[in-house]
Amino acid sequence: MIRDAHILVRALREPASVERLDGGQWSELISIARAESLIGSLAHRLADVPVPDRVRAVLQDAIGAHDLARQQALWEADCARRALAGYPGKIVLMKGTAYVAANLAAGVGRSIGDLDIMVARDALPIVESALLDAGWEWVKPDPYDDRYYRDHMHELPPLIHRERDRMIDVHHTILPLTAGPRPDAQAILDNAIALGNGLYVMAPADMLLHSIAHLFADGDLAGGLRNLWDINLLLRHFSEADEEFWTELDIRAKTHGLGREKERALRLAARLYDTPVYRFSAGQTEFADYLYIRRLLARDGYGRETRKLIRFAFYVRSHWLRMPPLMLAGHLWTKWRKGGKPVG
Amino acid sequence: MAEMHQIRLQIGPAAFRIASVWRQPLDQLAALYRDYPGPSDHMVDFTVRLEPDKPWRRYIRPSVHIGGDFWLPDVAPLPLGQGLLAAEMGMNLQMALGWRRHLLLHASSVEKDGRALIMTGLSGSGKSTLSAMLAQKGWRFMGDEFALLNLDTGDIAPFPRLISLKNQAIRAMQTVAPADRFGPEMTDTPKGDIRHLVPPKAAIYRMGEPARPALLLFPRFGHDPELRDMGQAEIFVRLTQASTNYVALGEAGFRALTRFVDQVPTRAMDYQSIEQAEELIESLWSRSP
């Protein structure tokens with residue numbers, strides 16, 4: 001039985017490596033890829049490799065499912081565009097929706113959940129009321145959570161559309177306001193690139209740094225292999241398209257205060273996915289890199305989460321990153337008192 | 001982490017790996033699926049996982065959480081005594097959420113002379129019991145949970161998993177089916193009393209053989225016997241509700257379903273006893289093209 005997700009990383013990195021798998025190993029690879037939301041990416045990656053018939057059918061199912069996800073994501077983005085037609089500022093698509101809207105390799109076969117957009121912070125009230133008028137509603141009608149989002153987060157509390165049942169996250173920057181790094185949101189909006197349909201995506205370096213910030217300066221690395229795969233594909237694409245890209249990336253990383261995170265992302269992408277990176281942009285290997293890799297690969301051949309201790313450590317770290325200690329204590333106290341129920 | 005026990009099962013076109021931290025549910029599965037051929041080369045489409053709800057629930061009042069490649073949040077755990085039910089629910093969940101090679105209709109189906117009768121309806125309509133009964137009377141059982149509509153040919157593929165008998169249907173089937181084809185009785189499950197019945201051998205040996213859909217019924221138990229015509233729009237809408245993957249299949253699902261509604265004669269059927277239902281079905285079947 002396979003004890004970590006290395007088999008998936010290897011299959012993505014060297015598709016030909018799957019030709020040696022037996023039936024049992026295929027089942028394990030498929031379970032791991034599904035659990036890591038990478039089955040669609042894997043399916044496209046293995047399109048030209050000979051695989052057993054049943055595996056081909058499984059991969060074809062994944063391609064079909066992600067084609068539909070892509071279509072739905074673009075439709076949802078267009079719904080938001082129409083709802084915000086009266087708003088004169090830039091509406092910037094983020095994450096998966098941006099990758100498919102901009103036709104990037106990172107969007108091919110990628111699973112996409114919510115619609116993420118970014119607008120100027122001072123425009124939030126206008127944008128919010130336009131979305132409410134167009135059928136979106138609050139998901140969490142809890143006064144503490146609502147206040148918390150508005151005071152400390154990088155996005156509005158999530159909204160869900162009452163008919164289509166799809167969520168939208170409206171961001172005004174790319175990291176929580178309580179996090180260490182303070183990215184320059186205005187610079188991101190200023191440099192955003194028009195798609196031609198009235199919507200925007202971030203400029204290459206910003207798009208990549210958002211993905212990096214999300215993985216290394218925000219959450220607990222859940223779904224990290226997928227996120228790092230995005231980073232790998234974006235790095236390859238942007239650095240091939242523009243030889244000045246590495247310089248641009250370094251400059252933008254400084255602008256946003258994400259220098260260390262950028263270096264770690266480059267090192268781990270190179271290590272796991274063989275991404276060709278500019279060595280001087282990647283910094284020195286650290287012991288912590290080893291812990292990140294242990295955490296990223298913590299999945300066994302049944303698709304189960306493994307390495308509970310290191311998972312928990314990264315979970316604790318994610319809260320630490322988001323909040324100064326005193327604030328974290330207050331937050332946990334409030335959450336505990338409520339026992340998960342709304343107050344107020 | 002601890003190794004899990006596992007078993008691989010092939011049902012119709014789909015193959016499953018069931019992994020469990022306990023032996024008991026897998027031993028029960030192995031006994032009930034003994035006539036089924038295993039998947040070739042150990043290749044499977046889906047993995048189902050049966051794990052403790054909380055770590056200590058492996059030993060103390062063991063409770064089974066249903067997980068796997070595809071899963072839903074908030075599925076209530078089941079006691080270990082209902083582990084077999086958990087495995088079956090896990091397999092259904094994989095099909096409902098992950099299968100895209102057919103349009104899935106929540107329906108039972110039986111076949112005669114290469115033509116399929118499909119029965120769909122709400123829980124309690126009797127579609128499962130009717131298919132099990134007809135299977136004892138010269139029809140080939142094709143499935144009591146999902147009818148798989150081929151997106152290209154319009155044929156129905158069999159998915160003859162264990163027949164899930166509930167409450168009174170258990171007694172009714174015990175009078176006609178051999179005793180060694182029944183699984184353990186599980187009482188007080190979320191769906192009442194449940195006992196699984198192994199389909200007749202012919203159904204298992206021929207589980208790769210599709211059939212042309214020839215008649216669609218919407219049975220309803222507990223009303224005076226009657227057959228009623230239905231409008232195409234109603235049939236279509238009710239089938240979209242009976243399908244678990246209609247939306248996920250997009251245009252391909254729409255095309256397959258509109259063709260099905262166009263071509264397959266359909267009736268609503270009320271009945272109060274199995275005998276009445278059999279009579280009504282025979283009368284329709286002898287007249288159907």
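Mentor: Let's start with the chains: 19 residues from chain B and 21 residues from chain A make up the contact. This is a predicted model, where local features need pLDDT of at least 70 and side-chain atom pairs pLDDT 80 or more, while totals for chains, interfaces and linings use all residues. Residues count from 1 along each chain as its sequence is written, with chains lettered from A and ligands numbered from 1 in written order.

Trainee: What makes two residues count as in contact?

Mentor: Their C-beta atoms, placed from the backbone, have to lie within 7 Å. The 19 residues of chain B and 21 of chain A are counted that way.

Trainee: Why are β2 and β3 of chain B called strands?

Mentor: Strands are DSSP runs of E with at least two residues, and helices are runs of H or I with at least four, numbered from the N terminus. So β2 (14-20) and β3 (46-52) of chain B go down as strands. Each gives two or more residues to the side touching chain A, and β2(B) gives the most, with three.

Trainee: How do you know that chain B has domains?

Mentor: The bounds come from an automatic or database domain assignment, which gives domain 1 (5-98) and domain 2 (102-287). Their centres, over C-alpha atoms, are 24 Å apart. Domain 1 of chain B puts 17 residues into their contact and domain 2 of chain B puts in 23.

Trainee: Which element gives the largest share on the domain 1 side of chain B?

Mentor: That's α2(B), with seven residues.
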